[in-house]
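Please prepare a briefing on the structure shown below, intended for a reader who has not seen it before.

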Amino acid sequence: MRTEKRQHPRIKAKWPVTMATSEMSMTGETKDYSPSGAFICCETPLQPSEVFEVIIRTSNPGSVLVGEAEEVWSNDKGPDDEGAPHGMGVKFHK
């Protein structure tokens, strides 16, 4: 059994996300969210430790979360890889 290392519990949330680095911009969708991080389903996960701007549009009308995040792990194998969706786990910078 895996020991939970997260500071905050995650909630299931499917919110649209825009991610931008100095070289590119892409979109995705959160699978889950907490104040310290999220899992973002996306076509092409970023490189390990890559820092990027993240814009998350929550389910509250007009509510947008903007900040900086860092890719901490990714799954680029696809949705059938041990039940994990295609995307990346990110940590939000304070």
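Helices (H or I, at least four residues) and strands (E, at least two) are DSSP runs, numbered from the N terminus. The model is predicted: local features need pLDDT of at least 70, side-chain atom pairs count only at pLDDT 80 or more, and totals for chains, interfaces and linings use all residues. Residues are numbered from 1 along each chain as its sequence is written, and side-chain values use heavy atoms, with hydrogens and water left out.

**Overall architecture**

- The protein has 0 helices and 7 strands, and its pattern along the sequence is β-β-β-β-β-β-β.
- Of the 94 residues in the protein, 37% are buried; buried means under 20% relative accessible area, exposed means over 50%, and partly exposed lies in between (1.4 Å probe, protein chains only).
- The protein has an accessible surface of about 6,300 Å², and carbon and sulfur atoms contribute 51% of that surface; the areas come from the Shrake-Rupley method with a 1.4 Å probe, and for residues only the protein chains shown count as cover.
- Among contacts with a separation of 6 or more, 43% are between residues 24 or more positions apart, where contact means heavy atoms within 4.5 Å.

**Strand pairing**

- Two strands pair if DSSP finds at least two bridges between them.
- Strands β1 and β3 pair in the antiparallel sense over 2 bridges, and Lys12 has Asp32 in β3 as its bridge partner.
- Strands β2 and β3 are also antiparallel, paired over 5 bridges; Met19 has Met26 in β3 as its bridge partner.
- A hairpin is formed by β2 and β3, with 4 residues between them.
- Strand β3 pairs in the antiparallel sense with β4 (residues 37-41) over 5 bridges, and Glu29 has Cys41 in β4 as its bridge partner.
- The hairpin from β3 to β4 passes through 2 residues.
- In a regular strand, the side chains alternate between the two faces of the sheet.

- Thr21 is located in the loop between β2 (16-20) and β3 (25-34).
- Because its relative accessible area is 19%, Thr21 is buried.
- Apart from its neighbours within four places in sequence, Thr21 is in contact with Leu46, Glu50 and Phe52.
- The C-alpha atoms of Thr21 and Val54 are separated by 9.2 Å, and the two residues are 33 residues apart along the chain.
- The side chain of Thr21 reaches the backbone nitrogen of Glu23 at 3.1 Å. This is judged as a polar contact, a pair of N or O atoms within 3.5 Å; within protein, one must be able to donate a hydrogen and the other to accept it, and residues adjacent in sequence count only if both atoms are side-chain atoms.

**Aromatic pairs**

- The whole structure contains 3 aromatic pairs. Rings of Phe, Tyr and Trp (its six-membered ring) pair if their centres lie within 6.5 Å; planes under 30 degrees apart count as stacked, over 60 as edge-to-face and the rest as tilted.
- Trp15 and Tyr33 form a tilted pair, 5.3 Å centre to centre with 50° between the planes.
- This pair links distant parts of the chain, with Trp15 in the loop between β1 (11-12) and β2 and Tyr33 in strand β3, 18 residues apart.
- The rings of Tyr33 and Phe92 are tilted as well, because their planes are at 45°, with the centres 5.8 Å apart.
- Tyr33 in strand β3 and Phe92 in strand β7 (residues 87-92) are 59 residues apart, and their pair links distant parts of the chain.
- Ring pairs link Trp15, Tyr33 and Phe92 into a cluster.
- Both Trp15 and Tyr33 are buried, and Phe92 is buried with a relative accessible area of 14%.

**Salt bridges**

- The structure holds 2 salt bridges, each defined by a side-chain nitrogen of Lys or Arg within 4 Å of a carboxyl oxygen of Asp or Glu.
- Arg10 and Asp32 meet through their side chains in a salt bridge at 2.9 Å, N to O.
- Arg10 lies in the segment before β1 and Asp32 in strand β3, so this pair ties together parts 22 residues apart in sequence.
- Arg10 is partly exposed at 24% relative accessible area, whereas Asp32 counts as buried at 13% relative accessibility.
- Glu70 and Lys91 form a salt bridge in which the closest N and O atoms are 4.0 Å apart.
- This pair links distant parts of the chain, with Glu70 in strand β6 (residues 64-75) and Lys91 in strand β7, 21 residues apart.
- Glu70 counts as buried at 16% relative accessibility, while Lys91 counts as partly exposed at 41%.
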